[in-house]
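Please look at how the chains of this predicted model meet one another. The explanation below takes one interface and then another.

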Amino acid sequence: MTALLELHAVEARYGPLQALRGITLEVPEGSIVAVLGANGAGKTTTLRAVSGMVKRDGEITFAGKPLRGGPEAAARAGIAHVPEGRGTLTELSVIENLRLGAYTRRGRSVRADIERMADYFPWIPERGDQTAGTLSGGEQQMLALARALMSRPRLLMLDEPSVGLAPLIVREIFSIISTLNEQEGLTVLVVEQDVRIALEVAATAYVLEVGTVALSGTSAELRGDEAVRRSYLGY
Amino acid sequence: MAAFFQQVVSGLASGSIYGALALSIVLIHRATGVINFAQGEMATFSTYIAWTLVTHHGFSYWPAFVVALVVSFLGGVGIHEAVIRPVERGPRIRVVIVTIGLLLVLNGLVTWIWSGEVRAVQSPFPARTIDVGGVAISWQDIGTIAVCLLSVLVLGAFFRCTKTGLAMRAAATNPAEARLVGVRVSRMLAVGWGLAAALGAVAGMLTAPSVFLSPNMMLTVLIYAFAAAVLGGIDSPVGAVVGGLLLGVGLNLLGTYVDFVGSDLGLPAALLVILVVLLVRPAGLFGKPRVRKV
Amino acid sequence: MRREPLRALALFAALAAVVFVLPAFVNDFRAQQFAYVGIYLVALTGLNILTGYAGQISLGHGAFMAIGGYTASILMIDHGVRDIATIPLAIIVTGIAGVLFGLPAARLSGLYLALATFAIAVAAPATIKRFEGFTGGGTGVNLFGIPELTASDAPLQLFGFELDFNNWIYYLSWTIAIAGYVLAWLILRGRTGRAFRAVRDSEIAAVSSGISLTRTKVLAFGISAAYAGAAGALFAVATAFVNPDTFPVTLSIFLLVGIVVSGIGSLQGLVAGAVFIVFMPLWAQTVSKSPGAPFVVYGGVLIVLVLVLPGGVAGLIASARRLTRRRQDFPKP
């Protein structure tokens, strides 16, 4: 498998605060990669660095080309980033959110894709005109996911999709992600607090600590690692 | 009673002009969080362009109207790129001062280019009236209302139904999220300035026949538009139009039936509307009240 | 560091001396223009207290000048008050008007305040016209008929000097300007000034350190309006004539231009701002004789300053001073 996304010695800072101190990781095409770690370890910043939401240094290569510019450029290159805290456009309707998801695509097949989303999220057709801000937390997260998929991304980046959601809904979301990965070969980079479920769906994972990669390996290896078990899995 | 309805209709006509200009102010406020104090002068400038095309270049009215709209759109985009974009991310007060500077520059340029002379502008509508159930309504009023409302509807359809319109709404309400789906936010804001300028131009060109063309002709209208926007809710496009119509009819009736107000106290009345709404219900009639950020 | 205040005082005294002797070296017409510089200096000092220090934008300060101007004129024409005596009364009346406006305005945040004050500036002339019996309506109040109340019929004897009308206006304006300037400096360096700046920088922080937002803002409005009232009264005395168009919306905007040129939130550049307001139209005439030219230049300068020199003249002074100080601090070996 070739790497779709590669980060080499990536640094990022918020003002005087250095959030990333040289992150190196790779996301192989067609795989799910998880980024784990405690609060403030730099998980979210890693995603933000990829999509150009923070000032960054180092090399980021996407599909063999260096990635430059802001979030618009990343989106146009085929990266869909679902940020922390849903990331729906709360004042637009559900359908409008989906239409906007397809913004970077030229094309006709938008309507067909909206129907395809209804296969994964059966509630969408009947709630299409509802304002996104009035959806429940789980629905908003699903809408954010659906909107990201509307762009037919080559890489989907999810930032803590489980935050604030009931366990059942978290399961549902992750099962959709697995399905998309298995059936459509979607490449996913997911940041998660819920280590257990992340290691279930991901093939490989990186554990961050204060802005550096502390550990990495396949999910099976990490699940077997005493240190990971103790600090992150709690058993 | 007929006189009353006549006043209502002519109030609706001027109100639709206030509404159109108010909408252009709301569009910019929604997108960038600033109030464009130069909106009226931009409209005046556009109107002079249309006037020049008609009087000196042999255009007939409607082609000149369309050309002026296009020029205004480009002018709005240009203004955003040249002087607004550099200060957009800084303190609001700087943007306000820049728009005040624009107001002076445009007002001065109009005088410079076309002289301060007051000029009569021919109306595109017939100078006759039409009898509707005993009420004589002028074509001028009907035409003004129709053109304003049509512009507003076209704009509304644009925002609802087109991809660019959708992206503009996203850029205005959630810029960070919009960038993540690939919307070039700054470009959208520029288009917003362009559209606001074009809509303002509609208001200007419809104002000119009734008040004569002069460098300061939109100053009063601008205050009415501010009052309309505040009344409807400074972030509500629907509110701006409804606010404009309410204000137009209200001021007209007040001026006709309350002697004390007469024709001179329209501006102070608008000022009162602004102050009272801001103090009592800052979100206006249609705005969502929001927690005040200090 | 100790020498700093002394040096400032010496500089101030030197400038005051220049102001004092200036009329002897320039012609009558120039003296009159410099008198207007003094008048604008008064208004700008007041506006900068409100906008620059307390952070409350006003696009309608011309309306406060109108109140001062009309108070002075009406006192003279209807009540036979001598010109100089109308000024304190104008200050009081306008100061009260400022407080009354400040009470509701204190609840408006930045953009809305700009909008409301702008609407006031536009509505003021129409309002003045409407109350004809009191203000003389559109024709205004003409003070030429009462030379015994002004210095316009005979030169004024003062401390053994003989002052003609222009010189009288000049010294009157500048005396008030300098007194107002010193007063502003005193107000701003003390507790009140700290409260103003605290409100400007962060309302939350100001409240949590025990500052009353309403009281502070209302006080700023009152003080600032009082200055505008003094300037308006001087304006009326100097022109011997007021009508609604003496105080158009552009006057308010020019005042804003003035403080942006001087540097918002600094007293040092204010004279430059006042000079700019008075002399800029003359400079603009060299570009074009069109009456529109000054507006284009005023507006253009305003935009360019905000884009490239947000600190105005005061900002320039500060950077120049940093440069020279650096040279002193690190002498060549």
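Chain A and chain B together bury about 2,000 Å², and carbon and sulfur atoms give 56% of that area. On the chain A side, A:Glu72, A:Arg99 and A:Tyr103 supply 29% of the area that this chain buries against chain B, more than any other three residues. The contact draws 24 residues from chain A and 21 residues from chain B.

In one salt bridge the side chain of A:Glu72 meets that of B:Arg179, at 3.0 Å from N to O. Residue pairs in polar contact between chain A and chain B number eight, both residues being at pLDDT 80 or more.

Turning to chain B and chain C, the area buried between them is about 4,000 Å², with carbon and sulfur atoms giving 84%. B:Leu104, B:Trp112 and B:Leu279 supply 17% of what chain B buries against chain C, more than any other three residues. Across this interface zero salt bridges are found, and two residue pairs are in polar contact, both at pLDDT 80 or more. On the side of chain B that touches chain C, α4(B) gives the most, with 16 residues, and by class that side has 36 nonpolar, six polar and four charged residues.

Note on methods:
Residues numbered from 1 in each chain as written. Chains lettered and ligands numbered in written order. Predicted model: local features only at pLDDT ≥ 70, side-chain atom pairs only at ≥ 80, totals over all residues. Heavy atoms only, no water. Buried area = accessible area lost by both parts, 1.4 Å probe. Salt bridge = Lys/Arg side-chain N within 4 Å of Asp/Glu carboxyl O. Polar contact = N/O pair within 3.5 Å; in protein donor to acceptor, adjacent residues only side chain to side chain. Helix = DSSP H or I, 4+ residues; strand = E, 2+ residues; numbered from the N terminus. Nonpolar A, V, L, I, M, F, W, Y, C, P; charged D, E, K, R; others polar. Contact = heavy atoms within 4.5 Å.
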